[in-house]
Amino acid sequence: MADNSIGTAEQLRDPNYTPPLHKAIPLGIQHVLAMFVSNVTPAIIVAGAAGFGFGSNSPDFPELLYLIQMSMLFAGVATLLQTITLGPVGAALPIVQGTSFAFLPIMIPLVAGKGVDALAALFTGVIIGGIFHAFLGTFIGKLRFALPPLVTGLVVTMIGLALVQVGIQYAAGGVPAIGTPEYGSLLNWSAALVVIVVTLGLKFFTRGMLSISAVLIGLIVGYVYAIMIGMLSLDAIAGSWSNASAFALPMPFKYGFEMSAAAIIGFCLMAFISAIETVGDVSGITKGGAGREATDTEIQGATYADGFGTAIAGMFGAFPNTSFSQNVGLIAMTGVMSRHVVTCGAIFLIICGLVPKVGGVIRTVPIEVLGGGVIVMFGMVVAAGISMLSDVDWNRRNMVIFAIALSIGLGLQLEPGALQHMPDTARILLTSGLLPAALIAIVLNLILPHELADEATEEVSGGHAGHGHGSLPHDDHV
């Protein structure tokens, strides 16, 4: 609900309006809090997959602190590109950028068990993928026809399905604990359940910022609970705080530069999906905040900022950035469309990224506590994908496309050993599940005829006919 004390109704709808600073700063920090956990989570998951994350006892564990620091710093830098703009780069809208979950199914197979050595190829892929993403901005509008809700909904659902296993593993004690008596203990699960219960309570029984920051508050409560039950000691927190420096600058190409076909192809292909997601977010912001459609210039500028923000992040050891959808809802709630409010939030993120002590505290969050938050977040990714799929006209043609893409994509993800004889590049890309599912759905949607008789799928549907038509009028088209 709009706060008229900040400005007139006309001012609140104007992206160029600057509210009083004492009100702009708290509003900007709100935007950061709404995405804070989601922004640093990919760094934690990639480090865990590589083998130097939480509970690993790896000598490279301190590198996780740097990855967390860079996630905050370059989310802030990419957000500034969107709000302040640099020539044609940026939408000049209140768009908050952050590390994207979408790329995790690509990054996890790239680094699996390879330690810090795998990061050179990964970040080289991020840089090249970011440049390609920016290039897509020149003709992004022409790509939308190839990615209808059938495809985008499937892709987002696959992203969530690829990650839900991570949440359960974390809640049970983390990958390093698998095979030990502690894995899956009631103590571990209790910490995760506290986070889930608090998050759900705040989501459903509160309004405003408490509801929007439910996952963050749930993690804080879970963190306190972990201290109370002895899962985390105050000495460990104090040690991590004191060992982290008060200020540190990023290091260009800290992990080196290494060309990997799997990384480059994977990041470039995912750039298509991320670019279309950004188009949706920009449209959502202009509709919710200003009551109008986004202009071609705004969409193009936002895509440029996505790409160049990602490329710059990769140079310094940060992961791909994209626009954060949860901030679309926050703008609709506050009614404040000012891009300068989000600029305040971006500056706050940059300050956090330059102070490793912030990452030092984040690093002490028990894996079980994080698991509770991750279960909620990745479950919501699946739910968001299913919500997109509700806009699909579920005629027989679309059911068959969805069935083939999901079966192959999810199947390869669940049984990676089926590809053991494939070349490394192909194996890494295919076992993500996400890329084969997206590619199959896009190609089939473009080449298959639009008519398929109702009885044509009965023999393979096991008696489950399915007569839903989504939210669109029933016809034989996508």
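**Close-up views of a predicted model**

At 52% relative accessibility, D424 counts as exposed. Exposed means over 50% relative accessible area, buried means under 20%, and partly exposed lies in between (1.4 Å probe, protein chains only). This is a predicted model: local features need pLDDT of at least 70, side-chain atom pairs count only at pLDDT 80 or more, and totals for chains, interfaces and linings use all residues. Residues are numbered from 1 along each chain as its sequence is written, and side-chain values use heavy atoms, leaving out hydrogens and water.

**View 1. D424 and R427 form a salt bridge.** The closest N and O atoms are 2.9 Å apart. A salt bridge is a side-chain nitrogen of Lys or Arg within 4 Å of a carboxyl oxygen of Asp or Glu. By this rule the count comes to four salt bridges. D424 and R427 both lie in helix α18 (residues 424-431). They sit three residues apart, about one turn of the helix. Helices are DSSP runs (H or I, at least four residues), numbered from the N terminus. R427 is partly exposed, at 28% relative accessibility.

**View 2. K254 and E63 meet in a salt bridge.** The N to O distance is 3.6 Å. This pair links distant parts of the chain, 191 residues apart. K254 is in the loop between α10 (234-243) and α11 (261-290). E63 is in helix α3 (residues 63-83). K254 has a relative accessible area of 30%, so it is partly exposed.

**View 3. E298 and R292 join their side chains in a salt bridge.** Their N to O distance is 2.8 Å. Which partner counts as buried? E298 does, at 11% relative accessibility. R292 counts as partly exposed, at 29%.

**View 4. Helix α19 packs its buried residues against other helices.** Those residues include L434, L435, P436 and A437. Their partners are α4 (104-111), α6 (149-172), α11, α17 (396-414) and α18. Contact means heavy atoms within 4.5 Å. The 14 residues of α19 should span 20 Å at 1.5 Å a residue. The end C-alpha atoms are 20 Å apart, which agrees. The expected span is 1.5 Å times one less than the number of residues.

**View 5. F145, L439, V443, L446 and I447 form a nonpolar surface patch.** Together they have about 520 Å² of accessible area. Such areas come from the Shrake-Rupley method with a 1.4 Å probe; for residues, only the protein chains shown count as cover. Patch residues have over 30% relative accessible area and no salt bridge; nonpolar side chains (Val, Leu, Ile, Met, Phe, Trp, Tyr) are joined within 5 Å, like charges within 9 Å. L446 lies in helix α19 (residues 434-447). L446 is partly exposed, at 45%.

How values were computed. Helix = DSSP H or I, 4+ residues; strand = E, 2+ residues; numbered from the N terminus.
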